Amino acid sequence: MRAMLVALVLAMLAQPAGADPVALRFGQIPSTVKGTTSVYLHIAEQKGFFARENIKLQRIAIPGGTDKMVAALDQGSVDITQTATPYLIQAALRGSEAIGIASETANPIYSLIVKPEITSFADLKGRVLGLSLPVDTISISMRKLLALKGLAADDYKVKELVGTPVRFDCLKRGECDGVPLGQPEDLIALTQGYRRLGLSTEAVSAFQFQLLAVKRSWAAANKDVVVGFIRAIASAFRLMRDPASRDEVVAMMVAVTGSSDDIARQTLSLYFEPDRGVMPKQAEISMAGLAQVIDFMGEGGVIPKPLPGPDRFVDLQYLRAAGVE
């Protein structure tokens with residue numbers, strides 16, 4: 001009995017009991033803070049997945065949005081950040097140390113939402129469309145959709161607007177005739193009388209829209225933290241996909257986005273019934289989807305040829321160490 005007690009005491013002393021959680025500075029795109037794409041972070045916090053990994057997430061909204069995220073990482077303002085893949089690719093080609101280590105949104109569904117009086121793609125000729133920046137994957141996929149439906153680039157005018165909420169505001173003010181919207185804004189727009197002409201996935205079936213990025217040297221020096229972070233978000237993505245957790249996930253979506261229960265359920269049905277590859281299964285990166293982004297960027301003259309391979313922009317060792325394939 002005494003030997004057992006001694007062993008128990010030694011085991012307790014060997015544990016870093018009461019160790020303070022590691023503060024992880026997470027760069028967040030302002031337009032996503034109340035968006036569906038932030039739900040997985042809310043789940044990881046509320047379900048204790050970050051706490052399980054001894055991580056305390058500190059969310060930092062980066063002024064300026066998507067195109068500023070990697071710069072904040074390079075400057076040391078954040079430890080890990082969301083970024084749209086084209087910006088990571090461009091930054092890396094310019095010498096940034098940023099590297100993708102996990103997936104956030106994989107192949108997003110953006111609805112082309114238009115004014116009620118517009119009933120066809122032909123009606124968009126000469127009209128104003130609110131798109132994102134030319135390099136952004138949202139703009140790329142929308143231009144692909146418009147071309148698929150018979151509209152050339154000079155058939156419509158473009159107003160550059162970053163962020164779904166900003167584009168929705170332009171539509172509501174009447175300054176834009178059509179805009180790409182993500183969820184839940186597109187579903188909300190439909191309830192307000194606007195029309196959906198098409199979906200981005202009609203033109204682009206495989207994409208790696210957003211990655212979570214770190215500085216390569218920082219990740220190497222903080223591997224346990226990076227792996228723990230990935231384990232936490234992998235648990236959140238798995239829970240989001242679990243039909244048995246649907247009611248719980250819906251409640252969290254309502255809390256984050258402010259949408260109705262019905263809109264939240266419609267969003268999850270759109271994503272998973274059938275599975276359209278919008279969210280990763282457990283934070284994995286689609287290398288085929290990343291290669292597609294690179295091809296589109298090359299096609300648009302955004303990056304020079306010969307085009308780099310997708311493995312230049314990611315480091316999969318952290319996913320593997322977290323048990324994600």
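Predicted model: local features only at pLDDT ≥ 70, side-chain atom pairs only at ≥ 80, totals over all residues.
Residues are numbered from 1 along each chain as its sequence is written, and side-chain values use heavy atoms, leaving out hydrogens and water.

**Exercise 1.** Find which residues of helix 13 are buried, and what they pack against.

*Step 1.* Locate the helix: helices are DSSP runs of H or I with at least four residues, numbered from the N terminus. Helix 13 covers residues 287–299.

*Step 2.* Pick out the residues that are buried (under 20% relative accessible area, 1.4 Å probe, protein chains only). They are Gly-289, Leu-290, Val-293, Ile-294, Phe-296, Met-297 and Gly-298.

*Step 3.* Look for their partners, where contact means heavy atoms within 4.5 Å. The buried residues of helix 13 pack against helix 5 (85–93) and helix 6 (137–148).

**Exercise 2.** Describe the salt bridge between Arg-246 and Glu-273, and say whether each partner is buried or partly exposed.

*Step 1.* Check the distance: a salt bridge puts a side-chain nitrogen of Lys or Arg within 4 Å of a carboxyl oxygen of Asp or Glu. In this pair the closest N and O atoms are 3.2 Å apart.

*Step 2.* Arg-246 lies in helix 11 (residues 246–257) and Glu-273 in the loop between helix 12 (261–272) and helix 13, 27 residues apart.

Conventions
Helix = DSSP H or I, 4+ residues; strand = E, 2+ residues; numbered from the N terminus. Expected span 1.5 Å × (residues − 1). Buried < 20%, exposed > 50% of the residue type's maximum accessible area, 1.4 Å probe, protein only.
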